Amino acid sequence: METWQKILQASITKPGDLTRKYGIDPRPLEEVTEQYPMRVNPYYLSLIKDVDDPIWRQAVPSEKELHASVCPADPLEEENQSPVPNLVHRYPDRALFLVCSECAMYCRFCTRKRKVGGESMLVNRETIERGLDYLRAHAEIRDVIVSGGDPLLLADEKLDWILRELRAIPHIEIIRIGSRIPVVLPQRITMGLIRVLRKYQPIYLNTHFNHPDEITETSAKACARLADAGIPLGNQTVLMRGINDDPAVMKRLMQKLLAIRVRPYYIYQADMVQGTDHFRTSVEEGIEIIRALRGHTSGLGVPAYVIDAPGGGGKIPILPDYLQSLGEEVVLKNYLGDTFRYANVKQEVPAEPSRRAANAKGDIPGDC
Ligand SMILES: *Cc1c(COP(=O)(O)O)cnc(C)c1O
Ligand code: SF4
């Protein structure tokens, strides 16, 4: 057995197993784990400094998960946008392909909390084959996001098979992997795994750091291996109450990510997910965080702040009000709040769309 498999096997899955070390009363939490699974491996557990710190809150169940909330069961309407099980085709040219129902940790805030690690998410060879068939049949899809659960929890051979099949589809230009493994079980990024991934370039990997304390020597080494293999790394952070809802913490996180060659990609407003209400912040707080980043630190470390629209509308970017007015004169506010003016240029009258398209293809030579 490999080291990472041993670490995973030693995971705590019952609140009672935390009592000896942390002295907490596990009873109220047992009701929570009946509904939503718990899995915390010794590596992630070792990052906890105190009960209820930002690491603890991401990993250890809370009674608050049982509170009634306004949130629907499938807030992003992923089910309605699934032409085949475990594949979401929401955008014209890309698809989300769920290939594993398990995770190295069950994050308390997870968007797919009702599905991952339970019986309601069935992933097997047949569902993966059906997903591959769908992708083969849809030539408009040029970007596939392989996710889960956590796809890097699959055995190397299984992952090799899925990536090989995807790479054999001519219209798929890029493969993206969405994985929290570099954060929660970085030991999984073995040289064997790297050898698999290298074969199917171009591959991008988006990971999911939420707090600067998650950036350790071990996670930095995992990211270095991936980056050295030529895999561009991005990060998606969820903005969460009591975890990273502080501009200073978020700025430190973004800076530390850049230092381990991970480019901040998105900050998500927390989704409306049942059992996660206690993590939600106001949108105003998210805007303040972006305001505290832009101009105040490397632009490379300023991700897009987005709300994944309930009802399946997709990700919608939210910006502070830098653009104050737009007309003959553009009135702008900079990162320090000072006002600037830019003399606008009159818009060209666009040609009729159909003719423009034909022209672009060169169908009407000399038509101008
Ligand atoms: C986020 C997401 C994507 C990818 O969106 P990008 O903005 O291209 O990163 C694709 N499909 C679904 C269903 C998604 O939720
Ligand atoms: S690793 Fe990702 S999919 Fe799995 S529980 Fe955490 S947030 Fe959810």
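Tutor: A disulfide is a pair of cysteine sulfur atoms within 2.5 Å. The model is predicted: local features need pLDDT of at least 70, side-chain atom pairs count only at pLDDT 80 or more, and totals for chains, interfaces and linings use all residues. Residues are numbered from 1 along each chain as its sequence is written, chains are lettered from A and ligands numbered from 1 in the order in which they are written, and side-chain values use heavy atoms, leaving out hydrogens and water.

Student: How many disulfides does the rule count?

Tutor: The cysteine sulfur closest to that of Cys100 belongs to Cys103, and the 7.0 Å between them is too far for a bond. By the rule, the number of disulfides is zero.

Student: Is Cys100 buried or exposed?

Tutor: Buried means under 20% relative accessible area, exposed over 50%, and partly exposed in between (1.4 Å probe, protein chains only). Cys107, at 14%, falls in the buried class. Because its relative accessibility is 8%, Cys100 is likewise buried.

Student: What area is buried between domain 1 and domain 2?

Tutor: An automatic or database domain assignment sets the bounds, giving domain 1 (4–317) and domain 2 (321–368), whose C-alpha centres are 37 Å apart. Buried area is the accessible area (1.4 Å probe) that two parts lose on being put together, summed over both. Carbon and sulfur atoms give 53% of a total of about 390 Å².

Student: Which three residues supply 75% of the area that domain 1 buries against domain 2?

Tutor: With contact taken as heavy atoms within 4.5 Å, five residues of domain 1 touch four of domain 2. The 75% share, more than any other three residues supply, comes from Arg291, Arg294 and His296.

Student: Which residue meets Arg291 in a salt bridge?

Tutor: A salt bridge places a side-chain nitrogen of Lys or Arg within 4 Å of a carboxyl oxygen of Asp or Glu, and one is found across this interface. At 3.7 Å, N to O, the partner of Arg291 is Asp321.
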